[in-house]
Amino acid sequence: MKSYSRIWTVYRKELTETLRDRRTLMAMVFVPVILYPILMVVLMQALSSEKGRQEESEYTVVVPNEAHKRWLETILLREDEEVNAEQKALDAAAKAMGEEMADPTGRAAFRTRLGSKQIHIVIADDPGKIWDIVAAGAVHAGVVVRPDPAVDRAADPNRVVQILYSDTNPLSEVIFRQLNLILQNEAGRIVRDRVTKLAGTPEVLNPIMTTNLSTTSPDKQFSKVLALIVPFLLVTMTVTGAMYPAIDLTAGERERGTLETLAVSPVPVGQIVAGKFGVIVTIAMVTTALNLGSMTAVIQFSGIAKMLGAPTSASAAMEEMEAEQTVQSAPAEPGSSAALQRINFGRRQALEQETNRRAGFVTTAAPIVLLAMIPFAVLFGGVMLAVCSFAKSFKEAQNYMMPVMMSAIVPAMVVSYMPTIELQGPLMATPVANVVLLMRELFLGNFRIEAVVIVLLSTCLYAAAAVAMATRIYGNEAVLFNDVGSYKTLLLRKFMRPQRVPSAAFALLTLALIFPVNFFVQSSIVTADSGWMDLCRAVGITQVLLFFGVVVFLAWYAKLNMRETFSLRLPSALHWVATLLIVAGIVPLSATIQQYLYATFPPTSQMQQMMQAEAKLLSGIPLWAIVAFFAILPGVCEEFAFRGMLLTGLRDRIGTWRTVLVVGIVFGAFHIYVHKIPPIAIVGMLLAYVCIRTGSILPGILIHIANNGVGLIADSMVKANDPRLMDLFGLPHGDEQTFDYSVNPRTMIFIAAVVLGLAIMVFTPKRPTPRSEPRP
Amino acid sequence: MPEPIVEVHELMKIFPTTTGEEKRAVDGVSFCVNPGQIYGLLGPNGAGKTTTLRMIAGLLTPTGGSVRLDGHDPQIDRESAKRSLGYLTASTGLYERLSPREVLNYFGELIGLEAAQRRKRIDDLIHWLDMSAFATLRCGGLSTGQKQRTNIARALMGDPPILIMDEPTLGLDVLTNRVVLDFIRAEGARGKAIILSTHYLDDAEAICDEFGLIHNGRIVGRGDLAALRAQSGKTRLSEIFLKLCGEDEHVLSGVPGVATNNSTEGTGR
């Protein structure tokens, strides 16, 4: 308990000091709580004042002659009339519904409309010089109509209109767009008149009318937009929030010379780093929470939601559309097409009303999103702590932060811009991207337990590696004192000193390195339709290169003592006997554990599908290949990685029981399917314990091979209608295989053998492992 | 004859450099300090004093040799060794956003003192070092002297039997210098073993019981003042220092008209 109380001491002190730092407060409180809302208000003000300026400005349009002027003025007046009529119809509809509907869709707030009074038409002194007048900027636009409006229209009813404008003058662009709109509207009116005259009724004008009614409630429609933006924003803010404390608590402490005083205090480096790490994660999460809160408030109370395309009310939009139609054509009669549009309309209205009664969407989703941010904050807290620990000064740390921030923000941005990317396969184990995708899924209300578990476990593994790395760097003498060599001495092999066993940081980092690669290979295997030889080759390559090759190479690079790191020694005779007992009973035991777990927590249909797919994949492989690639290779190679590197890296630092627990869980996490993790983790713990007690990697290899090999052989015998092995173990097989749970007495005998084997290991002395430095 | 509380035996530190050459910063340094003794570790810049002190404090891992602090090896029994040690250098800083009282409380907690013990110890230290005027102000706003007094209090928080002081008076005014030296002397009288490294040879001459002159990573002169005088044939510590470090002719050659006595004043105070 003492170590926790000291971590707590460090945590409290660092938090106090951080909260007294103006820079942190700035990034944490001032920016989200004060700056964002102000910026948002300013932005809204700027937008509306820009629109106001556009609407209040006077525009000059030059035309060649008097006829042009009259022609254009008539069109402008007609447009005025129509706009007024539409507005009147809208007001009437609003009055009828008894609602405020000045701006039903919010679109008008962002649309400029110019009246005829603002547009002055002048006649050019020289009709041939219109281009030059516009180009010189003397007027905002020029209009030339052919045939000339002076010519009678009946002869040629169609006209070509040319609008001259200047791209560099913003007002010129406004009037250019406005003139286009007005002329299009005029064209529409002319067509309507012509058709009505020919057909005798305006009904023919609307052969197909569409109404779009989303069956998704408005808050969820809005959340779809937010799901693309908010995770990215939150990632950025969390990283920003973590940055200052991370720099201040490491490089800052070194710069101010307090690191030395901390290093001579009787506190292990791990506890100091743990306390600091806690503060960084706390500050990052508080920053995120404040940002999220501020964002929620800004979204709820400002008009920003309308800008983001949030449909405030589809029924209001419908009213507006009908109002437009009323002006354009005859009023809708009962049974007419316009009235038919109202089918299903009641459902939509009900949905909207129900949503209005509920709390706003953002308010309900915010806590879940915040929870999803915790693993991310943990990961980047760890990474920043590790990176900043390298820096000699605040400034240097700030430079190092740039790539770290990019590595958080760029994946988040890429994922944000690709709404069709799904949280599947290797992406589930890809740092940052997996968290961002998980957040998006949560935002949309999708909760998949396997995705959540994989994302959390992999993120925890990366974070643990980062924190362990930070601890290692933090305690390093090259980091403690500027004058001690260069950092190359930390990384180059020739400067490394031989070590008995890996550090926890080194072991975790090795595992974190091979985790995503393994994940990628495994998930590509299961989806591949390739033959069994490809499958075996892939498994062989993963096992030999990744679990054995990479691990042993890194052990060599770090000048680790191979014999100690991988426990390369023979167990005692008694431990051999115990091992053989466990070998005999391991398959019935692990099968029973698996049955028990599946009975207690029935696998989802998706998991069952995956299990079947996996069984099918194995069924085509000859028995020798199964034994070689799925029993012997993993038995040897995985033991080197998990019970070799990882186990010895942790054992001397966190004690037997915690090592057993961590090795088991990490071992389970490497087997990507959620339903497999718990049973495999339990077997992994057993293997870890055996390795620690016997001081040798051999018993674990034997048990591992037996567990995989005998199980697979028994399975394939069942498939060949030979259930003898399964019957020997008393295990259910074939059609009997259900997720019910009962233990055959025969199975109990085998489990008893395992228990006896473990008991022998518990009560015989542990093989002593020599320590690197002799005790005094 | 009291048992030495600090034992340094054949201490060696080799730093790797990126060019592949080795830099022998400390090369076989041995000495012992008894309780109540003030040991002066003196030498020119780059002689290896600070590296030696850092190895004694367990901040650096020695390439060879061993250290015993109150019977503990700082590389193995890290916590016990550090618990018996107070460490103070010119470069050690303070948490600028905490007050001296908060700094002392923090280190008291890290050492593992109970709340009541901490309060008493802090009050005592504030009284002894005359810190009450600034004990609750933020450290960032304190003067160099006030900071150094806080630092001394910090090093003494756990009342350790051994004190390592690397340039404790660097940059201090005469008054604070006096306070610090008096305090070191008083702590020595209270039975603490103190290792003092300083460039101010007059100060060292005044308060140290025993000396180790270190040059190029080796001890070139040892013993009390009388022994050093006998070894070098010089009287003042600054002269002894120059003589034993073999730099006297070196420094003075090519500086015409400078008398030996005057030139040594620059190295002392």
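In chain B, α2 (78-83), β5 (85-89), α3 (100-111) and α5 (144-156) each supply at least two residues of the lining of the largest cavity. Helices (H or I, at least four residues) and strands (E, at least two) are DSSP runs, numbered from the N terminus. The model is predicted: local features need pLDDT of at least 70, side-chain atom pairs count only at pLDDT 80 or more, and totals for chains, interfaces and linings use all residues. Residues are numbered from 1 along each chain as its sequence is written, chains are lettered from A in the order in which they are written, and side-chain values use heavy atoms, without hydrogens and water.

**Cavities.** The whole structure holds 2 cavities of 30 Å³ or more. A cavity is a set of points on a 1 Å grid over the protein atoms alone where a 1.4 Å probe fits but cannot get out; lining residues have an atom within 4 Å of a point. The largest cavity has about 170 Å³ of space. Of its 15 lining residues, S265(A), L85(B), I111(B), R154(B) and A155(B) are the closest to its centre. β5(B) gives the largest share of the lining, 3 residues.

**Cores.** A nonpolar core is a set of buried Ala, Val, Leu, Ile, Met, Phe, Trp, Tyr and Cys residues joined through side-chain atoms within 4.5 Å. Buried means under 20% relative accessible area, exposed over 50%, partly exposed in between (1.4 Å probe, protein chains only). The largest core has 172 residues. Helix α6 (residues 218-255) of chain A gives the most to this core, with 15 residues. V235(A) is among the residues with the most contacts inside the core. Its partners include M373(A), F376(A) and V436(A), where contact means heavy atoms within 4.5 Å.

**Aromatic pairs.** Rings of Phe, Tyr and Trp (its six-membered ring) pair if their centres lie within 6.5 Å; planes under 30 degrees apart count as stacked, over 60 as edge-to-face and the rest as tilted. The count is 21 pairs over all chains. Two of them follow.

| Pair | Type | Centre to centre | Between planes |
|---|---|---|---|
| F547(A) and F642(A) | tilted | 5.8 Å | 40° |
| W556(A) and Y557(A) | edge-to-face | 6.4 Å | 65° |

F547(A) lies in helix α20 (residues 532-557) of chain A and F642(A) in helix α24 (residues 623-669) of chain A, so their pair ties together parts 95 residues apart in sequence. F547(A) and F642(A) are buried. W556(A) is partly exposed at 42% relative accessibility, and Y557(A) is partly exposed at 26%.

Technical notes:
On a 1 Å grid over the protein atoms alone, a cavity is a set of points where a 1.4 Å probe fits but cannot get out, and a pocket is an open set with protein on both sides within 12 Å along at least five of seven lines; lining residues have an atom within 4 Å of a point. Grid points are joined across faces, edges and corners, and a volume is the space filled by probe spheres set on the points. Lists of a residue's contacts leave out its neighbours within four places in sequence.
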